[in-house]
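Reader: I would like to learn how to read a sheet and the helices around it. Could we work through an example together?

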Amino acid sequence: MIRVTDVTHDYGAERALDGVSFDVRAGEIAGFLGPNGAGKSTLFKLLSTYLPVQSGSIELAGFDVVKAPLEVRARIGYLPEHNPLFDGMRVDRFLAFVGAAHGLDGAELAARAEWVVERCDLRSVLTKHVRECSKGFRQRIGLAAALIHDPPVLLLDEPTHGLDPLQVASFRAFVRELAPGRAILFSSHVLAEVAAISDRILLLVRGRLVLDLPLAELEARARARRATLEDLVLEAVRDSAASDSLVREGGVP
Amino acid sequence: MDRAAADPQLPASVRGRKPRFVAGIRAVVQRELGGWFDAPVAWIALALALFATSSWFLNEFFLANRLDLAPFFDRLPWVYVLLVPALAMRVWSEDLRARTFELWMTLPLTPLQVVLGKYVGALVVLAAFLAGTLPIVAFLCTLGSPDLGRIAAGYAGAFLLGAQLLALGQLLSALFADALVAFLASAVLSAVLLAAGEERVVAVLDGLAPALGGGRALADVLSPLPRYGAFVGGSVGLAAVLWFAATAAAFLWANVRVAERARS
């Protein structure tokens with residue numbers, strides 16, 4: 001459902017992504033872990049077609065982001081890190097606009113809007129302007145907009161940012177429910193966050209993918225070494241300069 | 001996140017659907033109009049412009065004692081120099097500042113649909129301004145029988161001139177994330193284009209190099225003022241309509257290119 005092949009991206013002389021490759025299948029939740037500045041948001045901007053691909057290839061839901069960007073956009077739900085919303089719009093009108101921009105109207109739009117409003121618990125702010133909403137509500141509005149067109153691919157960049165602990169727990173359960181039939185890629189710089197939701201962990205450090213393993217396998221390795229997940233991840237970060245062997249084949253010693 | 005409702009998943013035929021070309025533009029227009037009339041700047045600009053044009057007109061009307069709208073149409077281009085940039089400055093600048101530009105560019109809409117939708121939304125506001133001046137026409141009709149055909153031609157010219165300057169302002173709004181800079185650039189450029197068509201400016205430029213005839217050439221090629229003047233005089237020419245449409249289209253095309261490049 002998501003296929004990233006040898007993607008490299010530069011901002012001028014600075015390399016943001018360096019030969020990144022991975023796949024995410026339908027029904028899989030992949031968590032992107034990495035410190036700030038690791039290149040996670042750049043990768044999400046490439047996946048969402050916002051940034052043009054400089055090198056390598058990206059395919060989502062069977063469509064190439066360069067050759068068929070509109071087909072890709074029609075099939076992704078994207079929640080960017082800074083969650084851009086039209087502050088001057090009412091929440092209900094904003095959701096209706098996003099639905100209409102995805103070609104929904106009439107009963108289909110009404111049913112989807114009703115569902116996202118209920119699931120994202122937006123009823124109490126529906127007639128408020130976005131600018132009047134708290135950070136937590138804004139995050140939920142962004143998530144509702146990402147879901148309104150029932151996308152087969154979900155791209156969530158730091159989705160729990162701004163949510164309180166109860167909302168975070170609720171969000172994790174919600175993402176789990178959304179997974180069947182969908183490929184979900186989300187990012188965080190918090191290991192516990194990624195480990196709590198993901199089937200698979202991908203670790204990005206300074207633009208390089210230094211770890212790509214199923215969570216269960218990573219946990220088994222940690223148990224075998226009597227270490228914690230955090231220990232293994234920190235070790236991978238430290239060894240990232242010579243980490244080629246860690247990628248794919250799980251070279252965590 | 002509430003756990004009650006089951007996901008009303010869309011049929012496979014609907015998943016991944018994109019809006020048709022016109023439906024996509026309509027969605028953008030509706031969003032933009034919602035934004036326009038939610039922001040006090042649009043109301044303030046419209047109210048000030050209506051007050052200024054009505055005051056000027058009534059002043060000149062009572063001095064000249066003529067039953068026509070010429071004083072209104074003569075002043076209008078210079079009202080546009082401030083009004084149109086005020087309307088256009090936030091069209092893109094606001095998106096660039098608030099980073100909603102990323103939202104626009106990741107929806108399944110082409111940049112052309114977004115640019116046209118934003119433009120049509122701004123045109124509706126411009127049309128609302130012109131409609132707000134219609135009580136002046138009603139006032140004239142209560143006093144006698146003004147030449148309504150000529151007045152209609154004047155309004156057509158006023159709309160075309162506004163539409164052209166709006167396209168220019170929208171382009172500049174895409175170039176400058178700072179709305180104030182976009183406003184100033186748009187106001188200065190609009191003033192230069194209009195001034196190039198003023199007879200006094202043409203005479204001065206022609207006087208500087210009589211052999212070149214640069215002033216007249218500049219007015220004929222670049223300035224919307226002579227063509228607008230023909231409309232106000234009651235002459236609706238197809239060539240002038242096409243000129244306004246073509247120049248507005250050129251600005252909008254450039255706007256599409258700027259929006260595409262702004263992604264990288």
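Reader: How many bridges join strand 6 of chain A to strand 7 of chain A, and do the two run parallel or antiparallel?

Author: Two strands are taken as paired if at least two bridges are found between them. In this predicted model, 4 bridges join strand 6 of chain A to strand 7, residues 153-157, and the two strands run parallel. Within this pair, A:Leu79 stands opposite A:Leu156 of strand 7 of chain A.

Reader: Which helix packs on the sheet there, touching strand 6 and strand 7 of chain A?

Author: An angle between axes runs from 0 to 180 degrees and is taken between N-to-C directions. Here helix 5 of chain A, residues 135-147, touches both strands, and its direction makes about 165° with that of strand 6 of chain A.

Reader: What is the order of the strands in the open sheet of chain A?

Author: The sheet has 6 strands in the order 6-7-8-3-9-10, with mixed pairing. Strand 6 (76-79) and strand 10 (208-214) of chain A each have a single partner strand and stand at the edges, so one side of each is left without a neighbour in the sheet. From one strand to the next, the twist averages 15°.

Reader: Which strands does helix 9 of chain A lie across?

Author: Helix 9 of chain A, residues 229-238, lies across strand 3 (29-33), strand 9 (200-205) and strand 10 of chain A, and runs at about 35° to strand 9 of chain A.

Note on methods
Residues are numbered from 1 along each chain as its sequence is written. Chains are lettered from A and ligands numbered from 1 in the order in which they are written. This is a predicted model: local features need pLDDT of at least 70, side-chain atom pairs count only at pLDDT 80 or more; totals for chains, interfaces and linings use all residues. Two residues are in contact if their C-beta atoms, placed from the backbone, lie within 7 Å.
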